[in-house]
Amino acid sequence: MHLLEVNSLKKVYKTRFGGQSVEALKNVNFTVEEGEYVAIMGESGSGKTTLLNILAALDKATAGTVLLDGKDFSKIPESDVAAFRRDHLGFVFQEFNLLDTFTLEDNIYLPLVLAGKEYKEMNTLLMPIARTLGIESLLKKYPYEVSGGQKQRAAVARALITSPRIILADEPTGALDSRSTDELLRLFAEVNRQGQTILMVTHSARAASRAGRVLFIRDGEVFHQLYRGDMSDDLFYQKITDTLTLLARGGEQA
Amino acid sequence: MKTGFYPRLAWDGLRKNRQIARPYLLTCICMVSMFYILSFLTSGEVLALIPRGKNSVELVLSLGRIVILVFSLIFLYYTYSFLLRRRTREFGLYNVLGMGKRNLVRIISWENGITFAAALLGGLLLGILLSKIAELGLVNLMGGAIDYRIRLDGKSLILTVLCYAAVFAVIWLSAVIRTARSSAVSLMKSENVGEKPPKGNRFVAILGILILAGAYVLAVIIRNPLSALLGFFVAVLMVILATYLLMISGSVRLCRFLQGRKGYYYQAKHFVSVSSMAYRMKRNGAGLASICIIATMILVMLSTTTCMWFGADDSLRVSYPREIDTTVYLKDPKDLSDTNLDPVREEIGRFVRENGGQTDNLLDMPSVILNGLPQAGGVLKCDAESTVGNVMNPDRLSVSLFSPERYPDSVGELPALQADEAVLLTDGVDWKEDSLTLEVAGVRHTWKLLSVRKNKETSAAPDRTGNKGLCLIVPDLSAAVEGFETTNASGNMNYSILWNYHFDTGLTDEENIRIEQELEKDISAFMASLPEAAGYRTLWVDSRAGGAGDFYGTYGSLFFIGILLSIVFLLAAVLIIYYKQISEGYEDAKRFDIMQKVGMTKRDIRSSIRSQLLTVFALPLAFAGLHLIFAFPMIRRVLTLFSLYNVGLFIRTTVISFVAFALFYALIYRLTSGVYYRIVSGAESR
C-alpha cells in the first residue's frame with residue numbers, strides 16, 4: 001500500500017454567481033511512499049497551492065480521491081477533519097505561522113495540547129526534536145525575539161512533534177535568507193533520513209534539488225517527474241533547471 | 001470636483017468603519033437626548049406639574065445634568081480616540097499618497113461635522129420623544145396629575161445645542177492636534193507590531209493590593225457618617241486607582257502564575273485563553289478596570305437611590321416619629337416638672353380636639369441634652385468649646401438625660417435609683433466603665449451605673465449629625481446639671497433643656513399641615529400669656545405631612561436620576577465592552593486561523609473563546625461585587641444621614657440591583673461574544 005495516493009484529482013472553482021468556472025486541477029495522479037522526500041514544483045497559477053490545500057484537508061476536491069494509508073479523505077466527517085489533520089499531518093508554512101502569544105516551546109506543544117496530552121509526555125517528546133533542530137536554548141523565547149530561520153525551525157518542530165505520517169511544507173524557504181535556507185534544507189534532509197516522509201511545495205530549484213523526487217505541475221496536471229537516483233545535489237539541480245526551462249518554453253514532455 | 005471631495009471622503013471613512021462609527025454615533029445621540037430630557041424636566045412647565053418638593057427636584061436634576069455633560073465629554077473623547085486610532089493606517093495611506101496634514105485635518109473636520117449634525121438631530125428628536133415618557137414617569141413618581149400634552153422647551157433645546165457644540169469642539173480640536181503631531185511613518189505603522197508580552201510588574205501588583213486593602217479597611221472602620229462622606233470620597237479614589245493597578249498588572253501576574261502550573265495550563269481549554277489573556281491584559285486591563293468601575297458606580301447608585309425611595313417612609317418616621325411633633329425649649333431643668341408643663345399639655349390637647357383630632361400615641365419626654373467628648377475613666381467633657389466645633393469628630397457623643405418618670409420605652413423596667421445612681425442606654429457605643437461623669441468647665445457630676453443596656457434598633461433619636469447617642473436615666477434632672485455653666489464665654493449653650501411632645505391626630509395630611517401652623521400660633525400665644533417664671537423659651541411645631549413633600553421630592557428625584565444615570569453608564573459599559581470585543585476579535589482572527597490549520601477544531605475554538613470571554617467578563621463583575629460588599633457599611637452610614645436605618649431594606653435593594661445588573665451584563669456578554677465569534681471564525685472577513 002502507498003502512504004499517499006492521489007487519483008484523478010480535479011478541482012473546479014466557480015465564481016460566486018456561477019458564471020465562469022476555473023479548473024485549477026485537471027487530472028492529478030501520483031503516489032508517495034513511506035520515507036520519501038518529494039518536492040512539487042510549478043509556476044504561480046499552476047495549481048500547486050490548490051493541491052496542497054486538498055492534501056491538507058483544508059479544501060475539498062471536486063472529483064478524484066486522496067488516500068492516506070488507504071483512508072479516503074472525503075470519507076472523514078467534517079467534525080473530525082481538524083483532529084485528523086492534527087494527528088496525521090504536520091505543516092510547515094512559508095510565513096511560519098507561529099502564535100505571538102506563545103513562547104516557542106508552547107507553540108511547539110500546541111497540537112499536542114489540542115490532542116489532550118500531558119505536559120510530561122509532551123516534554124519528553126520535545127527534547128530530542130529540539131536537539132535535532134538546534135533550538136534547545138530558544139525554547140523560552142517569544143517569536144518576536146528570534147530570527148526567521150529560528151522561527152521556521154520551531155515551526156518544523158511543531159510539525160514533527162505529533163510524529164505525523166507526512167509533513168506538508170508550503171514554500172518553507174520562501175521567507176528565509178540563503179543561510180537559513182541552507183540550514184533548513186539540511187534539517188529536512190536529516191529528518192527525512194530518520195524516516196520522516198516529506199512533501200514540499202516550492203518554486204525554488206535549489207530547495208527541490210535536495211528532495212528524492214520532484215514532480216512538476218503545469219496547468220493542473222503532473223507534467224513530468226524526476227528521480228534523484230544516485231545523482232549528487234548539483235547534478236540533480238542541473239536536471240531540475242533544465243526541466244524548468246523546458247517547461248517555461250512550453251515544450252511537450254518527451 | 002473640489003467641493004464634494006472632502007465631504008465624500010469623510011462620509012466614506014465613516015461608512016467603511018461603520019462597525020465602530022455606528023455605536024459611537026448612537027452613544028452621542030443617547031447622551032444628547034439624555035441631556036435634553038434632564039433640561040426639559042427642570043423647565044418651569046414640568047416643575048409646575050409636580051405637587052411637592054419642586055425645589056429638591058430641580059436641584060437634583062440640575063446636578064444630574066452636569067454629571068451627564070461631564071461624563072459625555074470624557075466618554076465621547078475616549079471613544080472617539082479609539083475610533084481615530086483604528087484609522088491611523090488609513091490616514092497614513094492618504095498621507096503617503098500625497099495628502100498633506102492640512103487635507104487630513106479637513107477630512108477629520110468634515111467627519112466631526114457630520115457626526116455632530118447627526119448626533120444633534122437624532123439626539124434632539126429622540127430626546128423630544130422620550131421626554132414625554134420621562135415626564136410622565138417623574139410626575140407620576142411625585143404623585144402629580146399626569147396629562148398627555150406634548151411639551152417642547154426652547155430653552156432646553158438651545159442649551160443642549162450649545163453644550164454639545166462645546167463637547168464636540170473639544171473632541172475635534174484634540175483630533176486635529178493629534179493628527180498634526182503624528183508623522184507619516186507613525187501613521188502607517190500598524191496597530192500591533194511585534195509587541196512584547198508584558199512582564200506584569202510585581203511591585204505594581206502588590207501596590208494595587210495594598211491600596212485596595214487600605215481602601216477597604218477605610219470603608220469598614222469609618223463610623224461617623226459625616227466623616228464617612230469625606231472618607232468615602234478618599235476610599236473611592238483609592239479603589240479606582242487600585243482597580244486599574246490590579247487589572248493591568250495583577251491580572252498579568254495571575255496569568256503568569258497559571259502558566260507556571262503546568263497541569264492546568266497545558267489543557268486545551270486553558271492553553272490558548274490564558275496565554276492570550278496574559279498577552280493582552282496590559283492594554284486591555286485598563287478597559288476591564290473601566291468596566292469594573294462603571295459597574296460599581298451603577299450598582300452603588302441603583303442600590304442607594306432605590307433604598308432611599310423605598311425607605312422614604314421609614315426615614316420620614318424616624319425624623320417625624322408622630323404626625324405632629326412639638327418641641328419646646330425651656331430655661332431650667334426645674335421647668336420640666338409636670339406642674340409647669342401641664343397647662344401647655346392641656347392647651348395642646350384642647351386645641352387639637354377643637355380641630356377634630358386626638359393626641360394619641362403620646363411621646364412625652366422632657367430631657368436635658370448635652371454633647372460630650374469621652375475622656376479616660378468614663379468622663380465626658382461637655383463644654384461647648386470642645387463640642388461645638390467638633391460636629392465631625394466621630395468620638396462625639398450626644399447624651400440625653402431623662403427622669404425616671406418619663407423616659408424612652410426601649411430602656412425597659414427601671415430599678416429604684418438612689419441619688420448618684422443611674423441607668424444607661426447606649427446606642428452604637430460600647431460603654432465599658434461602671435460609672436459615668438459629665439464635666440462642664442471643671443464641674444463634675446458622677447453616677448454609678450446600675451445597669452447598661454444596649455439599643456438594638458436606633459430609636460433613641462440620634463441627632464442629625466449621626467453622632468452616637470447615650471440615654472442616661474437619672475433620679476433628678478435638676479441635680480444632674482447643678483453648678484454647670486449654662487453657656488460658655490462666647491454664648492454657646494453647654495446644655496439644653498428640651499421637651500418633646502409628639503402625638504398622632506388621626507387627621508388627614510392637609511388637616512395636619514393646617515394644625516401644624518395654627519397650633520404653633522396658638523401655643524406661642526399661650527406661652528406668652530404664662531408668667532416669665534414658667535421658663536418657656538422657644539417652640540417648634542412640625543408635621544410629618546409637611547415634611548413629606550421635601551422627603552419625597554428629594555428621594556423621588558434621586559431615585560429618578562439614579563435610574564437615568566444608570567442607563568447612561570450602562571450604555572457606556574456596553575460600548576466599552578463592544579469595542580473591546582471588536583478590537584480583540586480582529587487581533588485574534590489571525591491567531592485562530594493559524595490554530596485551525598494546526599488542527600484546532602471549531603469546537604475547540606468555541607470552548608476556548610468561551611473560557612476566555614467568561615474570565616474577562618466575570619472579572620469586572622466579581623470585582624464590582626467585592627467593591628460593593630466593602631462599600632456597604634460606609635454607604636449604610638451615609639444613609640443614616642438621611643435617617644435611613646433599615647439595613648434589611650438596603651441589603652435587599654443592593655442584592656436586587658446586583659442580580660439585575662448581572663443579568664443584563666450576561667445579556668451583553670452573549671450579544672458581543674457573538675460579534676467576536678463571527679469576526680474570529682472569519683465570517684466577517686470573507
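**The interface of chain B and chain A**

Tutor: In this predicted model, the rule finds one salt bridge across the interface of chain B and chain A.

Student: Which helix gives the most to the side of chain B that touches chain A?

Tutor: Helix H11 (262-265), helix H12 (268-319) and H17 of chain B each supply at least two residues of that side. With seven residues, the one that gives the most is H17(B).

Student: What area is buried between chain B and chain A?

Tutor: The contact involves 26 residues of chain B and 26 residues of chain A. Of the area that chain B buries against chain A, 28% is supplied by Tyr266(B), Lys597(B) and Val598(B), more than any other three residues. Carbon and sulfur atoms give 67% of the area buried between the two chains, which is about 2,400 Å².

Student: Is Ser566(B) buried or exposed?

Tutor: Ser566(B) lies in helix H17 (residues 544-598) of chain B, and, leaving aside its neighbours within four places in sequence, it is in contact with Ile298(B), Met301(B) and Leu302(B). The cut-off for buried is under 20% relative accessible area. Because its relative accessibility is 5%, Ser566(B) counts as buried.

Key
Residues are numbered from 1 along each chain as its sequence is written. Chains are lettered from A and ligands numbered from 1 in the order in which they are written. This is a predicted model: local features need pLDDT of at least 70, side-chain atom pairs count only at pLDDT 80 or more; totals for chains, interfaces and linings use all residues. Side-chain values use heavy atoms; hydrogens and water are left out. Helices (H or I, at least four residues) and strands (E, at least two) are DSSP runs, numbered from the N terminus. Buried means under 20% relative accessible area, exposed over 50%, partly exposed in between (1.4 Å probe, protein chains only). Contact means heavy atoms within 4.5 Å. Buried area is the accessible area (1.4 Å probe) that two parts lose on being put together, summed over both. A salt bridge is a side-chain nitrogen of Lys or Arg within 4 Å of a carboxyl oxygen of Asp or Glu.
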